[in-house]
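My notes follow in the order I looked things up.

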Amino acid sequence: MDERAVAMSTPVEMRDVAPWVERLARVGYAAKALLYITIGILAAQAAFGPGGRTTDTEGALRIVHDITFGRIVLLVIAAGLLGYALWRVVEAIVDPDGRGNNLKGLALRASFAIRGLFHGALGVAAFRAALGQRSAGTNDQARELTASAFRVPGGELLIYAGAAFVAGYGVYQLYRSYASKLGRQLELGAVSGEMRPWIVRVSRFGIAARGVIFCLIGFFLARAAQRHDAAEVGGIRESLNMLANLGRWPFAVVALGLIAYGVYELVNARYRRITVA
């Protein structure tokens, strides 16, 4: 079934969702868009010429801080990310879309909760940045958690399991980009017929690029377990650096893909179905 058919066959009404949660979640999608577009533009500049660099979400927050009215923008970003985090955690618990309690459903719901916690921490980091305070980056926190895991019996197995989960999520993102099921999450019926195919193509490209990043993050985590070295843990910046070492074009394609993912998040901010039963 193509995107248009799915969009037309899926109900578009919101179900019992607190209006303020929905609004904050949409602001959160817009905040994610800003961060990913910033990361992608800087990486693309580095791929095609001087002036760019690789960074991650915390680096993007610092860039936003330095623009005009940056602190106000950061406060809006913080509120949006915290609202998005709340929605994701509630979605994992309440299961409004009926993911179920089988292995696949529980895995998806667990990923919602983890994403909620991650974006909640990012929202707190944005709030602290708006106040001029520094906070530990997600990479530093991941390395600290990895180092702590190494100190308990079977810690390497826990790290390997985490690596498999992260890489598996990346593979799932690659599958999502191929399977073309955006109509189940987006109200594409509200988009003009001429724009809909372009939105689908750009979104699929962006989702695939982010899937590659998560696969590489999983690789870094597995390598940390193999070498028993928490310093091997890496995030978006390290993944982009690895792609840059492979050559300009793999690096450039994923950099442009992260910009496309930012566009996809903007589409989510406007057309995403946000339901909490």
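I began just after α9, where Gly-247 takes a positive phi of about 140°. Helices here are DSSP runs (H or I, at least four residues), numbered from the N terminus. For the record, this is a predicted model, where local features need pLDDT of at least 70, side-chain atom pairs count only at pLDDT 80 or more, and totals for chains, interfaces and linings use all residues. Residues are numbered from 1 along each chain as its sequence is written, and side-chain values use heavy atoms, with hydrogens and water left out.

**α9**

**Cores**

Next I looked up nonpolar cores, meaning buried Ala, Val, Leu, Ile, Met, Phe, Trp, Tyr and Cys residues joined through side-chain atoms within 4.5 Å. The largest has 45 residues, and Leu-61, Ile-77, Ile-213 and Leu-240 touch the most other members. Its largest share, nine residues, comes from α10.

Which residues does Ile-77 contact, leaving aside its neighbours within four places in sequence? I found Ala-31, Leu-34, Leu-61, Val-64 and Ala-126, with contact meaning heavy atoms within 4.5 Å. A second, separate core of nine residues includes Ile-159, Leu-221, Ala-230 and Val-233.

**Pocket**

I used a 1 Å grid over the protein atoms alone: a cavity is a set of points where a 1.4 Å probe fits but cannot get out, a pocket is an open set with protein on both sides within 12 Å along at least five of seven lines, and lining residues have an atom within 4 Å of a point. Points are joined across faces, edges and corners, and a volume is the space filled by probe spheres set on them.

The largest pocket holds about 1000 Å³ of space. Of its 33 lining residues, Ile-114, Phe-118, Ala-142, Val-166 and Ile-217 lie nearest the centre. α5 gives the most to this lining, with seven residues.

**Cavities**

How many cavities of 30 Å³ or more does a search of the whole structure find? I got two. The largest has about 170 Å³ of space, and among its 19 lining residues Arg-88, Arg-115, Arg-176, Gln-185 and Arg-272 lie nearest the centre.

Note on methods:
Buried means under 20% relative accessible area, exposed over 50%, partly exposed in between (1.4 Å probe, protein chains only). Helices (H or I, at least four residues) and strands (E, at least two) are DSSP runs, numbered from the N terminus.
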